[in-house]
Amino acid sequence: MASATRPTTVRERVAESDPSLGRLLLVAAGALFWGWLVVSWLNRWLGGVVVPVGAPLVSPGAVEATVAALPGLAAYAGDARFVVELTPELARGTWLTVVITAVSLVIGFFIAVPLAVARVYGRFSAWLSLMYTELLRGTPLLAQLFVLYYGLNLASYVPGAVSGVFPRDVVWVAILGFTLNGAAYQAEYIRGALESVEEGQITAGRAIGLSKLETIYYVVLPQGLRYAIPSWTNEFVYLIKYSSLAAFITVPELYYRADQVASETFRYTLIFIVTGVTYLALVLTASKLMERVEGAVAIPGLGAEREE
Amino acid sequence: MSDDEFLTVTDVSKWYGDEQVLHDVSFEMDRGDVTVLIGPSGSGKSTMLRCVNRLAEAQEGSIRLDGEEVLSPDLDVDVLRREVGMVFQGFNLFAHLTAVGNVALGPRRVLGLSEAEARERAEEKLERVGLADQFASYPAELSGGQQQRVGIARALAMEPKLMLFDEPTSALDPELIGEVLEVMHGLVDEGMTMLVVTHEMSFARAVADEIVFLDGGHVVERGPPDQLFERPGKERTGRFLERIASHD
């Protein structure tokens, strides 16, 4: 209890990891991936300022020729050309995947925090929160999406939005589904973290005259949410991948577009390897991003090395 | 027992389930008094202390503070607590806030001071407990003695009319106890009304106006320190003081 300083925080550990070759490669790959995505998106929104809309950023023919010239890789020149031709569709789909994931995650977070607080500190509301989380976690996500889309026909109620930069109606149905479902999972992670905040913190808050809710807001949440970051990152990663289920309610995200091309060309293996790599890049970005966030909000002695 | 006492505890009883932990506890304090509750562990002294700011709920009896009934169901406990400061055995500093943040939270969020005013008050209180050089330190970066002094500053920042100390030095390494007791001595000199649970008998003897000896939830004996230490009226008191003395 009366221990001296223990300065091993996430921030310091991040700072200590020196730039190795692997790290440099990872950063280079990340820059290439996001550079490709962002330029592709801008090119489409701005009406083809870099290349004609729908065309790859680099010429498929040039890539094919380059690969054909490389010793031992000549056999794959056709595949390389095909992958390059695929990139505009992938970039388009990835935009929706990113939007659906990010929006659902953020809105879901603001639902999850009250759910978790209710679960830990409420009485009747704890019961309601439990009902909600168990229902949403206990039924298949795809079934939930189908209920919203086919059952309630929600897409017909959502006001139409401009297609292109802003997603079409059906995308909002998917976002609603992922938000409601993700909130239940996020609430579980946050609940666990809130429960690990020491009781004495609440006692101290109450003792200076903060109400129960004020104590939760000013004392418990700032600590609990920091504790929650590592497990919350899981939900982020899951959501990126689960968002592919939106394809089943006709949302043209990454998986949907990949599947469309595959059913026309029958090049399933190649297409889904490339699609898988795209998801992998998104997931790696998410976990690196959350690692950064964790480091940025780290507080000495909090979370990184808790006693007990 | 008169009505003009500052704090009057009358026949307070408390149960945890079937177990009675306080039996008709009574004592009173004037403004500016220092009363020290002593007794073996499990004697109910910390529970008694917590009943005064309603962190624990007494089921029977009366606690009148400055003319108001603390145990009244109509009392706003948040208002009571902003007037009664508390210092904990385990410090209970807000782990995510700096020393200044810990002390400023109450003035900012409970008393409604502006950010700048709250900060100014926090710095003033931290200076008072000798931590002018630790404003930006987080609890984990402070020694136990420093943490407890932040704890005292945090309670003082609410400008309370009564301070409760719940074994403030029990969790400290022996060499760190002195700095905390020194701060507490300073508060006594300034006339702060203090109700203290402690095992520091020399401190109790030096500053207490009255010592209340609790055992098994009963007040066994109470009186001025000289009387209690020199001529305990009850055999149990004498035995307890001897045991404590042999540990020192």
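At what angle do helix α4 and helix α9 of chain A pack, and how far apart are their axes? In this predicted model, α4 (residues 77-121) and α9 (residues 212-242) of chain A meet at about 135°, and their axes are 10 Å apart. That angle makes α4(A) oblique to α9(A), and the crossing of these two helices is right-handed. On the α4(A) side, the contact is built from T101(A), S104(A), L105(A), V117(A) and Y121(A). Facing them from α9(A) are K212(A), I216(A), F236(A), L239(A) and I240(A). Sorted by class, the residues of this contact come out as seven nonpolar, two polar and one charged.

The largest nonpolar core holds 137 residues. Inside that core, the residues with the most contacts are A174(A), I190(A), V103(B) and L164(B). Helix α7 of chain A (residues 169-195) supplies the largest share of the core, with 15 residues. What does I190(A) touch, leaving aside its neighbours within four places in sequence? The contacts of I190(A) are A112(A), V113(A), A116(A), G224(A), L225(A) and A228(A).

That leaves the meeting of the two chains. Here 28 residues of chain B are in contact with 24 residues of chain A. On the chain B side, the elements giving two or more residues are α2 (77-83), α3 (99-109) and α5 (144-156). As for the make-up of this side of chain B, 14 of its residues are nonpolar, seven are polar and seven are charged.

How values were computed. Residues are numbered from 1 along each chain as its sequence is written. Chains are lettered from A and ligands numbered from 1 in the order in which they are written. This is a predicted model: local features need pLDDT of at least 70, side-chain atom pairs count only at pLDDT 80 or more; totals for chains, interfaces and linings use all residues. Axes are lines fitted to C-alpha atoms, for helices over the stretch in contact, and angles run from 0 to 180 degrees between N-to-C directions. Helices (H or I, at least four residues) and strands (E, at least two) are DSSP runs, numbered from the N terminus. Angles under 35 degrees count as roughly parallel, over 145 as roughly antiparallel, 65 to 115 as roughly perpendicular and the rest as oblique. A crossing is left-handed if the near helix is turned anticlockwise from the far one by less than a right angle, and right-handed if clockwise. Two residues are in contact if their C-beta atoms, placed from the backbone, lie within 7 Å. Ala, Val, Leu, Ile, Met, Phe, Trp, Tyr, Cys and Pro count as nonpolar, Asp, Glu, Lys and Arg as charged, and the others, Gly among them, as polar. A nonpolar core is a set of buried Ala, Val, Leu, Ile, Met, Phe, Trp, Tyr and Cys residues joined through C-beta atoms within 7 Å. A residue is buried if 20 or more other C-beta atoms lie within 10 Å of its own, exposed if 12 or fewer, and partly exposed in between; C-beta atoms are placed from the backbone.
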